Amino acid sequence: MKIDCVGGGPASLYLAILAKLREPAHEVTVHERHAAGTSHGWGVTFWPDLLEELHLHDPVSARAVAERSVRWRGGFAHVGDRTTAHDGDVGHAIGRHRLRTILADRAQELGVRLEFGVEIGSRAQLPDADLVVAGDGAHSRLRTESAAHFGTRVTTGANRFIWLGTTRVFTAFTFAFVETGHGWIWCYAYGYSPEHSTCVVECSEATWTGLGLDRLGHGDALRLLESLFADMLDGHALLGRTDIDGHAQWQAFPTVTNASWSHGNLALIGDAAHTTHYSIGAGTSLALRDAACLARALGSAGPERLPAALAAYERERKQALLPVQSAARHSAQWYENLPRYIGLAPERMFALLGQRHSPLLPYVPPQLYYHLDQTVGRLPSLRRLKRSLGPRLARALQSRSPRG
């Protein structure tokens with residue numbers, strides 16, 4: 001088949017790699033609107049289970065990703081002048097530019113054609129393709145062109161956030177919560193290279209406007225944030241980029257869902273198909289898993305089997321996404337309702353931060369939930385009961401809520 005992938009992110013590049021490995025006769029092209037070597041963003045996170053999957057699909061690129069990633073374990077939470085530590089799971093991070101370079105080099109090695117500086121805004125620009133894959137992000141132009149067919153729905157979160165970098169290298173996942181005269185503002189930070197870390201800053205809309213972050217220019221916004229997070233940054237600078245008006249790139253998170261993931265020979269992948277809140281750190285992993293699933297569904301089939309392959313891809317990935325989307329939704333709500341938890345002792349707040357994916361947590365008083373969770377954690381039979389009854393009880397409580 002002739003396969004054209006629009007968007008040069010991890011989803012498109014990994015699909016191109018796996019499609020060529022499964023069927024070298026496939027003619028695969030990746031179209032990227034930015035120039036070669038250009039990549040926005042800082043570092044991305046992933047977990048050991050993803051590395052295991054990557055090794056199964058393509059050991060060559062998996063080894064390169066593993067060698068160029070950093071590894072951390074557990075984390076710290078700074079709440080005002082109080083600090084607590086947590087010896088949690090192992091995590092990995094890699095620079096977005098570095099990941100894309102690894103995948104682009106591997107794709108070219110396998111015979112994939114990469115076209116940089118090419119803007120594809122319509123499926124009509126690729127008339128000869130048997131399959132067009134929209135990997136052009138949450139604001140996908142190809143998806144928007146056929147939004148009615150995909151049943152696209154976009155909802156935005158209540159909080160404001162911004163992706164930044166810093167020259168301070170964090171060796172554990174670090175949270176900092178700072179109280180201001182306009183409410184709380186917080187940061188998640190993690191190292192992704194020997195020189196840099198990612199910092200995601202978030203706050204409520206009221207805090208964002210109260211601090212003037214909606215009006216400040218890029219440089220002034222960074223200086224203000226550096227002063228607010230001075231203890232965590234330990235004298236290091238924050239790094240960012242601006243929008244076309246010269247302002248820092250604050251956003252409200254867009255949650256994208258689609259009733260259908262394909263329309264004719266056009267298929268969605270990665271953020272074009274779905275987004276999950278950044279606070280669960282799953283976006284890159286989900287994009288790579290989409291790519292692996294689509295490549296497996298396509299196999300060595302020709303155009304005549306494309307409808308069946310796309311249906312199988314959508315069915316498998318939608319099912320796999322259900323628990324992840326639920327976790328992301330509850331995680332976003334935890335941060336949107338931060339005042340509910342911020343008054344707890346730091347070790348208890350950090351414990352509930354780790355439980356934020358629970359559908360039951362919003363309906364149980366935080367102190368009570370903490371004590372119940374500690375008790376449940378010590379008894380295997382109660383852990384099983386919690387996993388079984390928790391979601392059903394949460395749905396029952398939600399149905400009685402005025403917001404339900």
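Strands β1 and β2 (residues 27-32) pair in the parallel sense over 5 bridges. Helices (H or I, at least four residues) and strands (E, at least two) are DSSP runs, numbered from the N terminus, and two strands pair if DSSP finds at least two bridges between them. Within this pairing, C5 has V30 of β2 as its bridge partner. The chain passes from β1 to β2 through helix α1 (residues 10-22), and this β-α-β crossover is right-handed; that term applies if, with the strands pointing away from the viewer, the path from the first strand over the helix to the second runs clockwise. The model is predicted: local features need pLDDT of at least 70, side-chain atom pairs count only at pLDDT 80 or more, and totals for chains, interfaces and linings use all residues. Residues are numbered from 1 along each chain as its sequence is written, and side-chain values use heavy atoms, with hydrogens and water left out.

Strand β1 also pairs with strand β7 (residues 131-134), in the parallel sense over 4 bridges. In β7, V132 is the bridge partner of D4 and V133 that of C5. Of the 5 residues of β1 (residues 2-6), 4 are buried, so the strand is largely enclosed by the rest of the structure. Buried means under 20% relative accessible area, exposed over 50%, and partly exposed in between (1.4 Å probe, protein chains only).

These strands belong to an open sheet of 6 strands in the order β6-β2-β1-β7-β16-β15, with mixed pairing. Its edges are formed by β6 (113-116) and β15 (262-263), each with a single partner strand, so one side of each is left without a neighbour in the sheet. Another open sheet, also of mixed pairing, contains 8 strands in the order β3-β5-β4-β10-β11-β12-β9-β13. Here β3 (43-46) and β13 (238-239) stand at the edges; each has a single partner strand, so one side of each lacks a neighbour in the sheet. Strand β9 (residues 160-166) and β13 run antiparallel and are joined by 2 bridges, with L238 in β13 as the bridge partner of T166.

The protein chain as a whole comprises 14 helices and 16 strands. Its radius of gyration is 22 Å, close to the 22 Å that the globule rule gives for 404 residues, so the chain is as compact as a globular protein of that length. The radius is taken over C-alpha atoms, and the globule rule is 2.2 Å times the number of residues to the power 0.38. The C-alpha trace spans about 60 × 50 × 40 Å along its principal axes. Of the 404 residues, 50% count as buried. Among contacts (heavy atoms within 4.5 Å) with a separation of 6 or more, 70% are between residues 24 or more positions apart. The accessible surface comes to about 18400 Å², of which 52% belongs to carbon and sulfur atoms; accessible areas come from the Shrake-Rupley method with a 1.4 Å probe, and for residues only the protein chains shown count as cover.

Several individual positions were examined. H274 is placed in the loop between β16 (266-268) and α10 (283-298) and is buried, with a relative accessible area of 2%. The side chain of H274 makes a polar contact with the side chain of D290 (2.6 Å). A polar contact is a pair of N or O atoms within 3.5 Å; within protein, one must be able to donate a hydrogen and the other to accept it, and residues adjacent in sequence count only if both atoms are side-chain atoms. Neighbours within four places in sequence being left aside, H274 is in contact with V256, W261, L286, D290, L321 and Q325.

S69 lies in the loop between α3 (59-67) and β4 (70-79) and counts as buried at 15% relative accessibility. A polar atom of the S69 side chain lies 2.5 Å from the backbone oxygen of V65. Residues up to four places away in sequence not counted, S69 touches F46, A93 and I94. P59, in helix α3, is partly exposed, with a relative accessible area of 35%.

L338 is located in the loop between α11 (306-336) and α12 (346-354) and is buried, at a relative accessible area of 1%. With residues up to four places away in sequence not counted, L338 touches F177, W184 and W186.
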